[in-house]
Amino acid sequence: MKNLILNNDNARAKYKDNEAVKKGFDMFDSCMDEERIENLGAAPLFELIKEYGSWNVTDGNWTEESWDFMDTFVKIQKHLSIAPLFNMYVSADLKDSTKNIIVLDQSGLAISPEAFLKNTSYHIKVGDALAVI
């Protein structure tokens with residue numbers, strides 16, 4: 001299936017004007033260019049860390065005075081969609097599905113409590129994987 005879609009020049013030509021599909025092809029290509037990944041090493045990660053406030057472990061010039069916690073926190077949450085301390089999102093109210101609510105949830109690598117309540121194929125697959133662990 002992968003070869004029919006992603007490694008197919010006809011498919012790429014057919015969807016050349018579709019931005020969403022082009023982004024998918026670009027993402028696939030960037031992940032499969034193993035030689036470039038090896039050549040770049042950790043440099044892209046170091047650049048990203050520097051762009052988002054730096055870190056004393058990777059930057060010998062880093063100082064606490066030059067670092068702004070709130071600015072860094074907001075940029076990471078906003079641009080990288082990473083929730084370092086807590087997760088915030090809009091969801092249907094479990095008691096009244098005609099209303100939406102803002103949910104504040106713990107952050108981390110674990111599955112969110114809301115995910116246990118959803119019955120999508122993705123959430124079922126994640127739940128099954130966690131059950132094995």
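**Figure 1. Helix H3 and the cap at its N-terminal end.** Helix H3, which takes in residues 19–32, is built of 14 residues and reaches 20 Å from its first C-alpha to its last, close to the 20 Å expected at 1.5 Å a residue. This and every view below come from a predicted model. At the N-terminal end of H3 the cap is provided by asparagine 18, which has a side-chain oxygen 3.1 Å from the backbone nitrogen of alanine 20.

Figure 2. The side chain of arginine 12 meets that of aspartate 29 in a salt bridge, with N and O 2.8 Å apart. Because arginine 12 belongs to helix H2 (residues 9–14) and aspartate 29 to helix H3, the pair ties together parts that are 17 residues apart in sequence. Arginine 12 has a relative accessibility of 23% and therefore counts as partly exposed, and aspartate 29, at 31%, counts as partly exposed as well.

**Figure 3. The salt bridge of lysine 99 and aspartate 96.** Lysine 99 forms a salt bridge with aspartate 96, and the closest N and O atoms of the pair are 3.9 Å apart. Aspartate 96 has a relative accessible area of 28%, so this residue is partly exposed. The count of salt bridges comes to four, and this pair is one of them.

**Figure 4. Helix H6 and its buried face.** Helix H6 (residues 69–80) has 12 residues, which at 1.5 Å a residue should span 16 Å, and this agrees with the 16 Å between its end C-alpha atoms. The buried residues of this helix are Thr72, Phe73 and Ile76. Seen down the axis of H6, these buried residues fall within an arc of 100°, so they line one face of the helix. On the other side of H6, Met70 and Lys78 are exposed. The buried residues of H6 pack against strand S1, which is formed by residues 86–92. After the helix comes serine 81, whose phi is positive, near 55°.

**Figure 5. Threonine 72 and its surroundings.** Threonine 72 has its place in helix H6, and with a relative accessible area of 8%, under the 20% that sets the limit for buried residues, threonine 72 is buried. When its neighbours within four places in sequence are left aside, threonine 72 is in contact with Tyr52, Gly53 and Trp67.

**Figure 6. Aspartate 68 at the start of helix H6.** Aspartate 68 is found in the loop between H5 and H6, and this residue caps the N-terminal end of H6, with a side-chain oxygen lying 3.0 Å from the backbone nitrogen of methionine 70. Aspartate 68 is partly exposed, with a relative accessible area of 43%. Although aspartate 68 and glycine 53 are 15 residues apart along the chain, their C-alpha atoms are separated by 7.5 Å.

**Figure 7. Serine 54, a residue with positive phi.** Serine 54 lies in the loop between helix H5, residues 43–51, and H6. Most residues other than glycine have a negative phi. Serine 54, although not a glycine, has a positive phi of about 70°. At 16% relative accessibility, serine 54 counts as buried.

**Figure 8. The whole chain, as a setting for the close-ups.** The chain contains eight helices and two strands, and from the N terminus on its elements run α-α-α-α-α-α-β-β-α-α. Of its 133 residues, 14% count as buried. The accessible surface of the chain comes to about 11,200 Å², and 58% of this area belongs to carbon and sulfur atoms. Among contacts between residues at least 6 apart in sequence, 9% join residues at least 24 apart.

Definitions and conventions: Residues numbered from 1 in each chain as written. Predicted model: local features only at pLDDT ≥ 70, side-chain atom pairs only at ≥ 80, totals over all residues. Heavy atoms only, no water. Helix = DSSP H or I, 4+ residues; strand = E, 2+ residues; numbered from the N terminus. Expected span 1.5 Å × (residues − 1). Polar contact = N/O pair within 3.5 Å; in protein donor to acceptor, adjacent residues only side chain to side chain. Buried < 20%, exposed > 50% of the residue type's maximum accessible area, 1.4 Å probe, protein only. Arc of directions from axis to C-beta. Contact = heavy atoms within 4.5 Å. Areas by Shrake-Rupley, 256 points an atom, 1.4 Å probe, with all protein chains shown as cover.
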